[in-house]
Amino acid sequence: MHAAIDAGADALGFVFYPPSPRYLSPEAAAPLIAAMPPFVTSVGLFVNASLEEIQVVIAQAPIQLLQFHGDESAEECHRLASAVNRPFIRAFRVKPDTSAADLLEWEAQYKAISPLFQGLLLDTFVDSFGGSGKVFDWFLIPKELAPRVVLSGGLSVQNATDAVVRVRPFAVDISSGVELSKGIKDVAKIRSFVQAVRLADSMPDNEK
């Protein structure tokens with residue numbers, strides 16, 4: 001955690017999905033969240049969690065932002081977020097046949113239903129929940145949507161600069177791309193990834 005903060009990360013994600021190899025219990029997450037500095041956002045990832053499960057997590061580990069990564073409908077996301085008084089982002093798993101119109105429609109649907117909706121996180125579709133570790137076609141993302149999305153899926157130190165220059169997302173999300181093994185982060189990769197993103201921030205859009 002401290003390595004990511006020291007490198008300049010703006011947010012830290014905590015996986016509250018027990019089947020995931022990156023799962024962290026609320027008890028284990030609590031001291032980490034308590035030690036986070038101001039202006040670094042704590043994000044809790046949930047997959048088809050009940051309200052009771054989310055309440056238990058927040059009671060022990062008071063995360064600031066919810067990330068829904070399961071089959072939750074827009075109405076369900078709003079209900080859960082409202083009940084615990086937290087904003088949320090919604091993961092959209094991009095399939096080969098996903099269109100730009102699909103992404104815009106999803107965003108519009110969530111915006112219309114919930115004032116707590118903060119944006120889409122775009123990941124690559126796989127048959128299981130959680131991060132995919134695979135890249136999807138970035139050119140699917142409409143230019144008018146890109147500045148509002150969190151880009152995920154298959155990002156690494158090697159492609160981070162290109163991803164940010166091409167898409168210009170609001171933020172990028174990475175997990176497996178900075179790991180030594182599942183759930184074990186690599187400090188050097190974290191630093192290099194943040195540096196690669198910062199490099200892209202300093203480059204004009206027409207550079208690669």
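Helix 6 (residues 160-167) and helix 7 (residues 187-201) pack at an angle of about 35°, and their axes lie 8 Å apart. What you have here is a predicted model, where local features need pLDDT of at least 70 and side-chain atom pairs count only at pLDDT 80 or more, while totals for chains, interfaces and linings use all residues. Residues are numbered from 1 along each chain as its sequence is written, and side-chain values use heavy atoms, with hydrogens and water left out.

A few words on terms. Helices (H or I, at least four residues) and strands (E, at least two) are DSSP runs, numbered from the N terminus. Axes are lines fitted to C-alpha atoms, for helices over the stretch in contact, and angles run from 0 to 180 degrees between N-to-C directions.

**Helix 6 and its surroundings**

Helix 6 and helix 7 make a right-handed crossing (the near helix is turned clockwise from the far one by less than a right angle). On the helix 6 side, A160, T161, V164 and V165 do the touching, and they meet F193, A196, V197, L199, A200 and D201 of helix 7; contact means heavy atoms within 4.5 Å. Sorted by class, the residues of this contact come out as eight nonpolar, one polar and one charged. Here Ala, Val, Leu, Ile, Met, Phe, Trp, Tyr, Cys and Pro count as nonpolar, Asp, Glu, Lys and Arg as charged, and the others, Gly among them, as polar.

Why is helix 6 largely enclosed by the rest of the structure? Six of its eight residues are buried, where buried means under 20% relative accessible area, exposed over 50%, and partly exposed in between (1.4 Å probe, protein chains only). The buried ones are A160, T161, A163, V164, V165 and V167. Their cover includes strand 6 (150-151), strand 7 (171-172) and helix 7. Just after helix 6, R168 takes a positive phi of about 55°.

**Another helix pair**

Helix 3 (residues 51-60) and helix 4 (residues 74-84) cross at roughly 35°, and their axes come within 10 Å. This crossing is right-handed. L51, I54, Q55 and I58 of helix 3 meet R79, L80, A83 and V84 of helix 4. That contact splits into six nonpolar, one polar and one charged residue.

| Residue | Relative accessible area | Class |
|---|---|---|
| F39 | 82% | exposed |
| N85 | 61% | exposed |
| P18 | 57% | exposed |
| Y23 | 34% | partly exposed |
| R90 | 3% | buried |

F39 sits in the loop between helix 2 (26-34) and strand 2 (41-46). Its phi is near 75°, a positive value in a residue other than glycine. N85, in the loop between helix 4 and strand 4 (88-94), also has a positive phi, near 55°.

P18 belongs to the loop between strand 1 (11-15) and helix 2, and Y23 is placed in the loop between strand 1 and helix 2 as well. Leaving aside neighbours within four places in sequence, Y23 is in contact with V15, F16, Y17 and P18.

R90 and Q118 are 28 residues apart in sequence and 8.1 Å apart in space, C-alpha to C-alpha. From Y23 to R90, 67 residues along the chain, the C-alpha atoms are separated by 19 Å.

Lastly, L116 lies in the loop between helix 5 (100-113) and strand 5 (117-124). Beyond its neighbours within four places in sequence, L116 is in contact with A81, S82, R86, P87 and F88.
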